[in-house]
Amino acid sequence: MRTSSALTFKRFGPPEEVLQLETVAVSEPGPGQVLLRCLAAPVHPSDFGVVLGKYGELPALPAVAGREGVAMVEALGEGVTQVRVGERVTIPRGMGAWQTYAVAQASSLFPVPEDISVEMAAMATVNPPTAWRLLRDANLSAGDWVVQNAANSAVGMHVIQMARHLGLRTLNVVRRQELVEPLLERGADRVVLEESGYEQRVSDLVEGQPVRLALNSIGGESAIRLLRALSPGGQHVTFGAMRFESIRFPTRELIFSDITLRGFWMDHWIRNNSHARVQVMFDKIFDLMRKGQVQATVEERYALSDWKEALGAALRPRMGKILFRMDR
């Protein structure tokens with residue numbers, strides 16, 4: 001029987017305490033199933049949230065860690081016609097991407113075009129779709145301004161690139177001065193420091209134009225500053241909580257500025273849309289990658305056996321992603 005190396009956890013808790021690299025048996029694919037050889041998978045903040053037991057949807061235990069990645073189809077079970085042997089596909093959500101082999105339902109797979117690199121494909125189904133939906137579903141017009149905190153995050157950098165593609169302009173909030181120039185080089189229109197008082201001079205920063213959308217992935221006072229930077233009638237969307245701090249109920253802005261507060265979770269959007277519509281979105285993202293209009297940076301690459309070093313690297317300040325490469 002084939003075996004797989006897998007980063008598994010049998011209880012929720014700190015990753016360094018509960019994760020373990022195991023050799024597990026992998027069965028042959030049954031009817032409607034395929035055998036996957038996992039190629040690459042990034043390390044996301046949400047991966048830590050899942051292992052800690054603090055994410056919005058948690059797997060049954062024991063589980064394999066890793067929310068996203070790319071794989072190669074190694075073998076087909078009876079009746080499978082959606083994919084072919086040798087085709088690259090996205091690793092299904094909930095299966096666990098930090099492993100070398102796995103069996104999956106063919107109906108849960110999304111094909112990856114052959115001209116998309118392994119590393120870009122491994123990072124295509126979480127952060128780029130989140131940025132795309134945040135911008136597309138806000139009903140903005142060309143020339144509108146978007147303000148976001150954590151602009152140097154993976155989603156933040158995708159927002160910058162996709163906003164430029166859509167004709168939108170971005171006001172980007174970061175915590176460190178050394179991040180300003182790199183974001184400007186990546187296409188940001190304005191970059192300001194978190195505690196610089198930017199919300200008090202936002203009109204000058206955006207040349208008197210309205211700020212229609214605020215994207216919050218931090219919480220606390222950072223989220224309040226975004227609220228104050230919004231123009232009347234603007235939308236404030238929370239899709240992350242890096243600081244795990246509460247947001248004070250912004251009575252003044254809600255009443256006098258008609259600000260709308262809402263949340264967004266990519267997993268929820270995917271569950272509530274058809275497989276075909278999700279594929280259309282992925283195809284659009286792959287096309288933007290193909291044209292070089294959307295790019296993701298990899299900071300460091302690790303083997304699964306070096307998982308402790310990889311997770312440590314993921315917790316340090318950086319501009320690019322930490323990536324597991326299982327195909328090397």
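Residues are numbered from 1 along each chain as its sequence is written. Because the model is predicted, local features need pLDDT of at least 70 and side-chain atom pairs count only at pLDDT 80 or more, while totals for chains, interfaces and linings use all residues; side-chain values use heavy atoms, with hydrogens and water left out.

**Whole protein.** Start with everything selected: the protein has 12 helices and 15 strands, these being DSSP runs (H or I of at least four residues for helices, E of at least two for strands) numbered from the N terminus. The C-alpha trace spans about 65 × 40 × 35 Å along its principal axes. Of the 328 residues, 54% count as buried, that is, under 20% relative accessible area with a 1.4 Å probe and protein chains only.

**Cores.** Next select Val70, Leu135, Leu213, Met281 and Met289, which have the most contacts inside the largest nonpolar core, a set of 42 residues; such a core consists of buried Ala, Val, Leu, Ile, Met, Phe, Trp, Tyr and Cys residues joined through side-chain atoms within 4.5 Å. Several elements supply at least two residues each, including β5 (70–76), α4 (127–136) and β11 (211–216), and the largest share, seven residues, comes from α11. Around Val70, leaving aside residues up to four places away in sequence, the residues touched include Cys38, Leu39, Arg88, Ile91 and Ala122, where contact means heavy atoms within 4.5 Å. A second, separate core of 37 residues includes Val34, Leu36, Val51 and Ala102.

**An open sheet.** Now show the three strands in the order β2-β1-β4, which form an open sheet with antiparallel pairing; two strands pair if DSSP finds at least two bridges between them. Because β2 (19–26) and β4 (63–64) each have a single partner strand, they stand at the edges, with one side of each left without a neighbour in the sheet. Strand β1 (residues 2–9) is joined to β4 over two bridges, and Thr8 has Val64 as its bridge partner in β4.

In α12, Trp307, Ala310, Leu311, Ala313 and Ala314 are buried; the buried residues fall within an arc of 160 degrees seen down the helix axis, so they line one face, the arc being that of the directions from the axis to the C-beta atoms. The buried residues of α12 pack against elements including β1, β2 and α2 (45–52).

Methods:
Buried means under 20% relative accessible area, exposed over 50%, partly exposed in between (1.4 Å probe, protein chains only).
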